[in-house]
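Student: I've got a model open and I'd like to talk through a few of its local details. Can you take my questions one at a time?

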Amino acid sequence: FVENSMHVMDEKLELLTGIRLDQHSEYDLFVTPRALVKYSFSPETIVRASVGTGFRTLNLFSEYSNILATSRNIIITEQLEPEKALNFGVNFVQYFDAGNVSGNFVVDFYRTNFMNQIIPDYDSDPSEVRFSNLNGDSHSNILQLEGSVNFFKNFDGKLSYKYSDVRYTQDGIEQEY
């Protein structure tokens, strides 16, 4: 893993870049670059943007251990490849301080586009669960709004809302996950 951090414009702009190289015993080399940009309009107003790639290998029986209790036959239809994804998003933070009341407001939006994903098929046959590499699009959009307020010395309030839109296309049919 190699990372570089650079500050410019009187410390208002920060650029953080990194790259990771992994050697996997079965799938060979993985290169996963990433970058983060942070801009401080003021000490109270900050915007961040990030982009990066990622991968993971599936551990079928520990991640889907509930299937073992269903008496379904587990069918692996092909060599399961690692899941690969491109992630990107933005984050906005606004801090405020009004005497005895302080806090912040945060908006996050992140998207993940999968180049490969493994999604179990529970529906083709009620006596089976089929695992295969997804032959189609898969993505997630996550939006989170959060507000925190400190009213008194030891009394905080927090309110948040999270919206998830997670979809994949299999056999030409878009599904919500």
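Predicted model: local features only at pLDDT ≥ 70, side-chain atom pairs only at ≥ 80, totals over all residues.

Student: Which residues line the largest pocket, and which strands each supply at least two residues of its lining?

Tutor: The lining is made up of Ile119, Pro120, Asp121, Tyr122, Asp123, Ser124, Tyr168, Gln170, Asp171, Ile173, Gln175 and Tyr177. Among these, Tyr168 and Gln170 have numbers that belong to the strand spanning 155-170. The strands that each give at least two lining residues are E10 (155-170) and E11 (173-176).

Student: How much space lies in the largest pocket?

Tutor: By class, its lining has 6 nonpolar, 3 polar and 3 charged residues. The space in this largest pocket comes to about 250 Å³.

Student: What about the second largest pocket: what is its volume?

Tutor: This one is lined by His24, Glu26, Tyr27, Thr57, Leu58, Leu60, Ile76, Gln79, Leu80, Glu81, Pro82 and Ile118. Sorted by class, that lining has 7 nonpolar, 3 polar and 2 charged residues. The volume of the second largest pocket is about 200 Å³.

Student: On to Glu63. Which side chain does the Glu63 side chain make a polar contact with?

Tutor: Glu63 sits in helix H1, residues 60-63. Leaving out residues up to four places away in sequence, Glu63 touches Arg56, Thr57 and Leu58. The polar contact between side chains has a distance of 2.9 Å, and the partner is Arg56.

Student: Is Glu63 buried, exposed or partly exposed, and what is its relative accessible area?

Tutor: Buried would need a value under 20% and exposed one over 50%. Glu63 falls in between, so it counts as partly exposed, with a relative accessible area of 34%.

Student: How far apart in space are Glu63 and Gln175, C-alpha to C-alpha?

Tutor: Gln175 is one of the residues lining the largest pocket. Along the sequence, Glu63 and Gln175 are 112 residues apart. In space, their C-alpha atoms are separated by 21 Å.

Student: Now for Glu128 and Arg130. What distance does the polar contact between their side chains have?

Tutor: Glu128 is in strand E8, residues 128-131, and Arg130 is in strand E8 too. Their side chains are joined by a polar contact of 3.2 Å.

Student: Which of those two is buried and which is partly exposed?

Tutor: The cut-off for buried is under 20% relative accessible area. Arg130, at 30%, counts as partly exposed. Glu128 has a relative accessible area of 14%, so the buried one is Glu128.

Student: Let's do backbone. Where is Met9, and what is its phi near?

Tutor: Met9 is placed in the loop between strand E1 (2-8) and strand E2 (13-24). At 48% relative accessibility, Met9 counts as partly exposed. Its phi is positive, in a residue other than glycine, and is near 55°.

Student: Asp10 has a positive phi as well; is Asp10 buried or exposed?

Tutor: Asp10 is also found in the loop between E1 and E2, and its phi is near 55°. The relative accessible area of Asp10 is 75%, and the limit is over 50%, so Asp10 is exposed.

Student: How about aromatics: is the pair Phe151 and Phe155 stacked, edge-to-face or tilted?

Tutor: The count of aromatic pairs comes to 4. In the pair of Phe151 and Phe155, the ring centres are 5.7 Å apart and the planes stand at 40°. Planes under 30 degrees apart would be stacked and over 60 edge-to-face, so this pair is tilted.

Student: Last one: what relative accessible area does Asn104 have, and which residues is Asn104 in contact with?

Tutor: Asn104 is in strand E7, residues 101-116, and counts as buried at 18% relative accessibility. Setting aside neighbours within four places in sequence, its contacts are Gln94, Tyr95, Phe96, Glu146, Gly147 and Ser148.

Definitions and conventions:
Residues numbered from 1 in each chain as written. Heavy atoms only, no water. Phe/Tyr/Trp six-rings, centres within 6.5 Å; stacked < 30°, edge-to-face > 60°. 1 Å grid on protein atoms, 1.4 Å probe; cavity = no way out; pocket = protein on both sides within 12 Å on 5 of 7 lines; lining within 4 Å. Points joined across faces, edges and corners; volume = space filled by probe spheres on them. Helix = DSSP H or I, 4+ residues; strand = E, 2+ residues; numbered from the N terminus. Nonpolar A, V, L, I, M, F, W, Y, C, P; charged D, E, K, R; others polar. Buried < 20%, exposed > 50% of the residue type's maximum accessible area, 1.4 Å probe, protein only. Contact = heavy atoms within 4.5 Å. Polar contact = N/O pair within 3.5 Å; in protein donor to acceptor, adjacent residues only side chain to side chain.
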